[in-house]
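Please walk me through this structure in the viewer. Tell me what to select at each stop and what is there.

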Amino acid sequence: MEIRNQNKIKKGELKMRKYFYLAMVMLLSFMGCMQESNITGPVNQIEKTQAHTIIMLPAKADINIEDVFSTSQNISGSTGGYLHLVKSYQAASGQMINIDCELTVPANNYSFSNNRDITMQVSDIAGVDFYPSMTFNQPVILNFTITGMDLTGIDPDNVGFYYVDSNGNLAPTVNDGVSVDLNSGTMKVVNAELPHFSRWAYAR
């Protein structure tokens, strides 16, 4: 009788071990799926943003023309301010490229309490860089138009205005609209909200 009881106990222990191992296998499988999901998510996001290509400005016809167009202004965070850059140049292919870039810093922008020298510049990309680096408690507003571009092969519906990080990854901006006119070679973004100073550009 005692031996039978011991056998029953051993059988019970074996069953419990089987259930325990089965539960552990299921738990490890579930955790593996969660990790795979976490790894796949950001990779897919980066691939999606990297599908866009920054649009370049055409090369200049005159090698003596300045490489970078820029303007600077001393702006107060409490009263706000305004920068406006208007430049034109002839491209090597013959067309005239016109750049009109204006930045508005709203009043009561307490990200910087004192006056700051702010620089806005346009170089070889259809975009704009801002210095110095800073983040705002309320966005600054950018209106940016380029005309005279050769937009052959570009789908107007695929053109957007993006933040470009230091690794070249792109993130879309909040704005009131990006318009593209293939006939005049115009790209225009209206009221783009910039939460920080860095690089912002058109991409397709």
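Predicted model: local features only at pLDDT ≥ 70, side-chain atom pairs only at ≥ 80, totals over all residues.

**Stop one: Leu142**

Leaving out residues up to four places away in sequence, Leu142 touches Cys101, Glu102, Leu103, Val128, Phe130, Phe161, Val189, Val190, Asn191, Ala192 and Leu194.

**Stop two: the cores**

Together with Leu142, they touch the most other members of the largest nonpolar core, which has 39 residues. Colour the strands next. Those giving two or more residues to this core are S1 (69–76), S2 (81–90), S3 (96–105), S4 (115–122), S5 (127–131), S6 (135–147), S10 (186–196) and S11 (199–203). Then select Ile125, Val164, Ala201 and Ala203. They are among the six residues of a second, separate core.

**Stop three: the salt bridges**

There are two salt bridges to find. Select Lys87 and Glu66: their side chains meet at 3.7 Å, N to O. Lys87 is in strand S2 and Glu66 is in the loop between helix H1 (2–50) and S1, so this pair ties together parts 21 residues apart in sequence. Lys87 is partly exposed, at 26% relative accessibility. Glu66 is also partly exposed, at 38%.

Move on to Arg199 and Asp129. Their closest N and O atoms are 2.8 Å apart in a salt bridge. Arg199 sits in strand S11 and Asp129 in strand S5, so the pair ties together parts 70 residues apart in sequence. Arg199 counts as partly exposed, at 28% relative accessibility.

Definitions and conventions. Residues numbered from 1 in each chain as written. Heavy atoms only, no water. Core = buried A, V, L, I, M, F, W, Y, C linked by side-chain atoms within 4.5 Å. Buried < 20%, exposed > 50% of the residue type's maximum accessible area, 1.4 Å probe, protein only. Helix = DSSP H or I, 4+ residues; strand = E, 2+ residues; numbered from the N terminus. Contact = heavy atoms within 4.5 Å. Salt bridge = Lys/Arg side-chain N within 4 Å of Asp/Glu carboxyl O.
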